[in-house]
Amino acid sequence: MDTITALTTRVSSPRLDQPGPSDEQLDLLLHAAIRAPDHGLLRPWRFIVLEGEQRERLGDIMEAQLLEDQPEADSRSRANARNKALRAPTILVAVAEVTENHKIPVWEQVLAVGAAVQNMMIAAYELNLGAMWRTGALANSDLAKGMLGFAPKDQVVAYLYLGTPVGNLKNLPDDSPADFIRTLP
């Protein structure tokens with residue numbers, strides 16, 4: 001698949017199964033990530049790769065974050081939170097470890113990590129891997145950031161779920177770029 005085809009046909013894969021990416025594929029995804037645009041060459045991206053039982057540790061973090069927001073959460077809600085970490089064979093956590101008070105503003109550093117995640121999603125699609133970019137309350141939780149080894153100033157940009165797509169991929173609308181172009185007022 002050529003790059004333009006991958007860019008114009010990529011879709012997210014909400015249901016993922018084994019196998020996850022091989023070590024070689026993970027290496028390719030991470031190489032694609034670190035080639036993202038990065039104003040000032042700050043290299044703000046940090047990645048945690050979770051596979052196998054390591055995902056259960058993320059489940060612990062997901063449950064802790066739920067209990068922080070909902071201290072009275074019942075056992076079913078707690079189990080649902082934990083099981084989110086098992087929805088894919090591989091989860092890659094992408095974090096912007098930002099440099100504050102720098103000439104490159106924090107928002108640009110976070111965008112650089114977003115571009116890194118997008119590069120990984122395109123590369124995964126080209127490698128016939130399924131990918132789903134997830135965030136939610138967990139991405140903004142200082143408790144979760146701390147449990148992942150980051151400071152409150154840092155920003156979780158993605159929990160990138162990776163694996164083999166299951167079922168049919170959804171069809172996206174056939175939008176025209178012209179629908180999104182504006183003129184100056």
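Contact here means heavy atoms within 4.5 Å. Keep that cut-off handy for the exercises below, and remember that you're working with a predicted model.

**Exercise 1. Find Gln 25 and work out which residues it touches, not counting those up to four places away in sequence.**

Step 1: Gln 25 sits in helix α2, which covers residues 23–33.

Step 2: Apply the contact cut-off, skipping residues up to four places away in sequence. You're left with Gly 20, Leu 127 and Leu 129.

Step 3: Now check the side chain of Gln 25 for polar atoms. One of them lies 2.9 Å from the backbone nitrogen of Ser 22.

**Exercise 2. Describe the largest nonpolar core: how many residues has it, and which element gives the largest share?**

Step 1: Count the members. This core has 23 residues, and Leu 29, Val 117, Met 120, Leu 160 and Leu 162 have the most contacts inside it.

Step 2: Look at where the members come from. At least two residues each are supplied by α2, β3 (90–96), α5 and β5. The largest share is from α5, with 8 residues.

Step 3: Zoom in on one member. Leaving out residues up to four places away in sequence, Leu 162 touches, among others, Leu 16, Leu 26, Leu 29, Leu 92 and Ala 124.

Step 4: Another one, of 19 residues, lies apart from it and includes Leu 58, Ala 85, Ala 88 and Val 95.

Step 5: In soluble globular proteins, nonpolar side chains tend to be buried together.

**Exercise 3. Characterise the largest pocket: what is its volume, and what lines it?**

Step 1: Note the volume, about 200 Å³.

Step 2: List the lining. There are 13 lining residues, and Met 62, Gln 65, Lys 84, Thr 135 and Leu 138 are the closest to the centre of the pocket.

Step 3: Assign elements. Two or more lining residues come from each of α3 (54–69), α6 (137–140) and β5 (155–165), and α3 has the largest share with 3.

Step 4: Sort by type. You get 7 nonpolar, 3 polar and 3 charged residues in the pocket lining.

Note on methods: Residues are numbered from 1 along each chain as its sequence is written. This is a predicted model: local features need pLDDT of at least 70, side-chain atom pairs count only at pLDDT 80 or more; totals for chains, interfaces and linings use all residues. Side-chain values use heavy atoms; hydrogens and water are left out. On a 1 Å grid over the protein atoms alone, a cavity is a set of points where a 1.4 Å probe fits but cannot get out, and a pocket is an open set with protein on both sides within 12 Å along at least five of seven lines; lining residues have an atom within 4 Å of a point. Grid points are joined across faces, edges and corners, and a volume is the space filled by probe spheres set on the points. Helices (H or I, at least four residues) and strands (E, at least two) are DSSP runs, numbered from the N terminus. Ala, Val, Leu, Ile, Met, Phe, Trp, Tyr, Cys and Pro count as nonpolar, Asp, Glu, Lys and Arg as charged, and the others, Gly among them, as polar. A polar contact is a pair of N or O atoms within 3.5 Å; within protein, one must be able to donate a hydrogen and the other to accept it, and residues adjacent in sequence count only if both atoms are side-chain atoms. A nonpolar core is a set of buried Ala, Val, Leu, Ile, Met, Phe, Trp, Tyr and Cys residues joined through side-chain atoms within 4.5 Å. Buried means under 20% relative accessible area, exposed over 50%, partly exposed in between (1.4 Å probe, protein chains only).
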